[in-house]
Amino acid sequence: MTKRAKLDFICDLTASGANAAAYRPRSLDGLRIADADLRAVLEGSRHLLFDGGMGTMLQAAGLEAGALPELLCIDEPAGVTAIHRAYVEAGSEVITTNTFGANRLKLEAEGGGRATVEEVFSAAVRCAREAGARYVAGDIGPLGTLLRPLGTMSFDDAYELFAEEVRAAVKAGVDLFVIETMTDLLEIKAAVLAAKENSDLPIFATMTFEGDGRTFLGTSPEVAAVTLDALGVEVLGINCSLGPAQLAPFARRMVAATDKPVMVQANAGLPRVEGGRTVYDISPADYAAAVETMVADGVRVLGGCCGTDPDYIRLLDGLVSSRAVAAPPAPVPAALTVTSAQTLVSLPAASHRIAVIGERINPTGKKRLQAALRDGSMDYVVGQGISQQEQGADILDVNVGLPEIDEVAAIQAAVEQLSAATLLPLQIDSTDPHAVEAGVRRYAGKPIVNSVNGKREVMDQIFPLVAHYGCDVIGLTLDEDGIPDTAEARFAIAERIVAEAARWGVGPERILIDCLVMTASTNQRQVEQILRAVSMCKERLGVKCALGVSNVSFGLPARELLNATFLSAAFGAGLDAPIMNPGSARYMDAVRAYRVLNAEDEGSAGFIGRYAGWADPYKVPAGGGAAGAAGTAATAAGARATGPGAPAPADEGSIRQLVISGRKGDIAAVTEGLLKTHDPMELINGHFIPALDEVGERFDRGEFFLPQLMASAEAARAGFDAIKRLMPASDIRQKGAIALATVKGDIHDIGKNIVKMLLDNYGYTVFDLGRDVDPQVILDTVRERGIKLVGLSALMTTTVANMEETIELLHAEAPGIKVIVGGAVLTPEYAAQIGADYYAKDAAESARIAEEVFDG
Ligand code: B1M
């Protein structure tokens, strides 16, 4: 039986303490490590040499890969073994099995179900062993399909596919795993957990970065290093995509972010197609020279990826022939680190830095949020996340616990959707360990768990989860006797929490102690005790401190004034992470001002940018007189407040804002309101499209990543749906039939859908063939329906070639057909060049052209 059969199973056993073994802190002693040399590698004192590319070698050997190269392990074992052997002879200590795509999905879809996962791994390991491999690495590549929310596959299904590979590899006798070429942090997390929970072998895990230093989904080398390290992999690093010289700066950044050994398997450069063959430009000598600098920078595990062959490996063997590491790298300075797939928040142990934890996603006392959670709607939760990000939060607390809802399901949905719509790391907040596990397990990043406390039962439930999933944790200073009154007694509980955490391998740098704020109206003398407790914990335990700030003012007037004053005092006592409403301009003023005084805002640049020209409500009027009255202050602060409760302003500006921030929940109502006074096409051309353009520009500048592009597209689509519902139907029907499609390889369909909406409205019968449409499907439709006019859309330079191919096919096979092309990437000249009959710059133009074709 596997260690993880089902989520409840793990949690329930953990709750009773019986499953502690499944969650024991990962250490080298608990692993099955082939020999002392491999152990030395994992300890960072020895180099290790992998092999190089497999695909290019298969081609060079004349082995026809057919549908899936992995099947060659069964069909052509001698050929695969010969390639492995060439690498062994060149010096490779690790041979990677030819199983990159050997998951059930691919074996069924592309391999025709000819072999099972077990059969492929068994044959692959046999090939590697027969070649004389010293160590055999079970190779696991991406599943080839996107995980939710970007794609359709669930985390749990991805996990199960990877677990099948892991079990098959273990049965076949691998010595370690190499999980590689991953671009999605959530997918690599599923693979790592599958390896960790279904084997006791070392895990090597690498991600693939683009030239801008981010993976396809926006993960940086630092985020990858911190998250994979926290998950417990033994070796982490980079593979594929670029040559070693281009990857060297990324490798350096990884080495600076983790104490684990770093591995790099670069390509022999970016692949180019020349005369129908894929070629790589970097020679073995140049490759080795670039790898040498990486070795000097602290990279410990070497090898090659696409385009490399035994000649490259032979030179790398020469580079690290003694295998002894020249000098141990300096340890990475301790810090509390929290990540999302795109963002790293780091609070160094050696200095005082502030991270604001947004508290608004918590149903306590919030009727709208409670109602949304009861309805199962996450739009409001996502809106709160986006607002807090815009207001300056660094981390989002996520609490969706209501007695009458399924909290496990709700937290999964909230985590999934917040990860898609915001860039901020999350803090999973629940008193139910099942909900905590459901949230942290499926989160693409290293979250904070809120919270553990000094109660034995709670520590037994929460620390195993924190250890297993590599999280940070908030420790509350309360225990079976409640919250103590004195600073000393609070400190004593914190000390117990830190000691228990150590048993689970969770060091003080991963802990935030919350000394629990009491209200000044009933416990006035406690405020000083709380601040003293913060100072004691900071100075003596080496932890960071969090506080829920606003409790201090319950029952008193001018709460924001008291809270902001307390916040400043708490910063002085050492508070690192206030849990607060970033929508309060007053609190954020205090945070930004403190960041200047704390030398955190270097050169006060952030402060000056924000406050230069600020109309200070307390400014003494010229000529003397009293300082601003409280009323003035409240008005001024209110004017700047962008609190989450504030309704979305119903003007054109808000369409732009709603699309850019990806709020699909509010956009329909705002659009409907504007349609009362605006022409639909004016809204589309004047507001929606410029907003999408701005999103595209931010994406270009690297300020936005794919999840945000997606969220904006969905918001725009929700607005267009509202326009479509309300657009007056045209009187004239059935003027002619038109087929519309976004061309093969391109999934952008917003523009095409607008064109369809307008042409429908002009009375044409539109056959919308969707997006990513094969030329043959368009031709078949044209023939079946006797269509005279086709509209093609393409938005990427890479898909214009497919547009040209479609036009050629239509003109050749359906004489007399007319083709209109459109899409932001096209120009009239280019349209003519690829053989289009018409170019439409926008939807209105396509209606004019249709009129010419049918009536003209
Ligand atoms: Co993508 N994307 N995107 N994207 N995306 C662009 C196009 C991009 C320019 C952004 C950028 O880098 N600045 C860039 C292309 C770069 C290039 O090749 N030159 C890009 C990229 C790179 C990508 C990905 C590769 C990102 C990645 O994964 N790393 C990926 C590609 C996936 C694929 O297609 N294989 C990708 C994915 C996505 C989302 C899924 C997240 C989403 C699309 C959602 C969807 O469409 N369902 C998306 C979005 C939203 C955009 C931007 C931001 C907006 C596109 C849009 O809808 N514009 C875009 C940046 C930009 O264009 N500013 C960008 C508004 C739309 C109304 O305009 O389609 O031009 P448009 O339509 C107009 C006219 O052109 C004309 O009428 C329309 C209405 O007036 N028209 C026709 C269009 N088709 C017509 C057909 C006709 C007539 C008129 O026939 C009769």
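**Reading a buried loop and a cobalt site**

Visitor: Does Ser 241 count as buried or exposed, and at what relative accessibility?

Guide: Buried means under 20% relative accessible area, exposed over 50%, and partly exposed in between, with a 1.4 Å probe and protein chains only. At 15% relative accessibility, Ser 241 counts as buried. Residues are numbered from 1 along each chain as its sequence is written, and this is a predicted model, in which local features need pLDDT of at least 70 and side-chain atom pairs count only at pLDDT 80 or more, while totals for chains, interfaces and linings use all residues. Side-chain values use heavy atoms, with hydrogens and water left out.

Visitor: Where does Ser 241 lie, and what is its phi?

Guide: Helices (H or I, at least four residues) and strands (E, at least two) are DSSP runs numbered from the N terminus. Ser 241 sits in the loop between β6 and α11, and its phi is near 65°, a positive value in a residue other than glycine. Cys 240 lies in the loop between β6 (235–239) and α11 (244–255); its phi is positive as well, about 70°, although Cys 240 is not a glycine, and it is buried, with a relative accessible area of 13%.

Visitor: Which protein donor does the cobalt atom of the ligand have?

Guide: Donors are N, O and S atoms within 2.8 Å of the metal (3.2 Å for Na, K and Ca), and since water is not among the atoms, sites may look incomplete. Here the single donor from the protein is His 748, through NE2, 2.2 Å away; this residue belongs to the loop between β21 (737–742) and α29 (750–761).
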